[in-house]
Amino acid sequence: MGNIKIEKAELGCGGKCCKLLLYASNILFLIGGLTLLVVGLWVAVSNTSNHVAAIIETNLYKAAAYLLFISGTCVVVISLIGCCGAKFENRCLVATYFVFLLFVFIFELVAGIIALACYTQAKGFIADNMMDSLMNNYGSDEPGMGNFTEGWDYVQKEFECCAVNGPANTSVSEYAASKWFQKHGHQRVPPSCCTREGNKYVDVEKCTKTPSNDYSYINGKGCYGVIHDKVIQYATILAGLGIAICCIQIFGMVFACCLVKELI
């Protein structure tokens, strides 16, 4: 008796349509996954992000960034599995793709919700946390407190601001109430609050001198607005990307289910 050869049935019109749609959605996943990977890494490790996180005393949006970075890496790998499953019309690969996609969908949804929570709660905690870190942690010599000082100095130099609220006379009052001022009473503000022309301070002595009613050498705005806008920017980007990719993944899971049924 000759060997019986079982030929693989060709996909019908519906199956071919699902296959093409799965290909198309996986191209979007691949692009979206790479975007998540790059943006998540950017928010997680950038200098500005790290210093802002120190000042506001929370890593909430950075946690969302790391989650999205991991999700982006997974999406890139999963999209390749989906393409292989569709190309070879392998039911097992397509089913595996669906399960992995479901897990990543939940992962990204959690990251998006965390970023969204950061966005909605920003006004409530940013000002209070900034004031607390300035009053109690700036200039502290205690172990582990250096990041607060570095964070404030970086932000005040980079964004030409001073303390939490402006104008300059208000910034001076805030520093006067801080623990830093108790140690540095000969200075009304740190040098990082002083105005600059290019990379050089205009006049550090006149800026930091106390007592003095001349505020023209101190950065005229507080840092609250800058920090608030940065947190909102990071949270909006992370939440928007996470939710957008989740929406695309829903279609991918639907197309994968349809193709699995066609491959039975």
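Predicted model: local features only at pLDDT ≥ 70, side-chain atom pairs only at ≥ 80, totals over all residues.
How many of the ten residues of helix H2 (residues 47-56) are buried?

**Helix H2 and the residue after it**

With H2 selected, you will find that eight of its ten residues are buried, so the helix is largely enclosed by the rest of the structure. To see them one by one, pick Thr48, Ser49, His51 and Val52, and then go on to Ala53, Ala54, Ile55 and Ile56, which complete the list of buried residues in H2. Now step to Glu57, which comes just after H2 and takes a positive phi of about 55 degrees.

**Helices H3 and H10**

Next, select helix H3 (residues 60-88) together with helix H10 (residues 224-262), whose axes come within 11 Å and cross at roughly 25 degrees. Angles under 35 degrees count as roughly parallel, and that makes H3 roughly parallel to H10. The crossing of these two helices is left-handed. To display the contact itself, show the side of H3 with Tyr61, Ala64, Ala65, Leu68, Val75 and Ala86, and the side of H10 with Val231, Tyr234, Leu238, Gly242, Gln249 and Leu259. If you colour these residues by type, ten are nonpolar and two are polar, while none is charged.

**The loop between H6 and H7**

Select Gly166 along with Pro167, and look at the peptide bond that joins them, which is cis, with omega about 0 degrees. Glu160 is also found in the loop between H6 and H7, and its phi is near 50 degrees, a positive value in a residue other than glycine. Ala163 has its place in this loop as well, and here phi is near 55 degrees, again positive in a residue that is not glycine.

Are Glu160 and Ala163 buried or partly exposed? Glu160 counts as partly exposed because its relative accessibility is 47%, whereas Ala163, at 0% relative accessibility, counts as buried.

For the last stop, select Pro211, which is found in the loop between helix H9 (204-208) and H10. The peptide bond that runs from Thr210 to Pro211 is cis, and its omega is near -5 degrees.

Methods:
Residues numbered from 1 in each chain as written. Heavy atoms only, no water. Axes fitted to C-alpha atoms, helices over the stretch in contact; angles between N-to-C directions. Helix = DSSP H or I, 4+ residues; strand = E, 2+ residues; numbered from the N terminus. Parallel < 35°, antiparallel > 145°, perpendicular 65-115°, else oblique. Left-handed = near helix turned anticlockwise from the far one by under 90°. Contact = heavy atoms within 4.5 Å. Nonpolar A, V, L, I, M, F, W, Y, C, P; charged D, E, K, R; others polar. Buried < 20%, exposed > 50% of the residue type's maximum accessible area, 1.4 Å probe, protein only.
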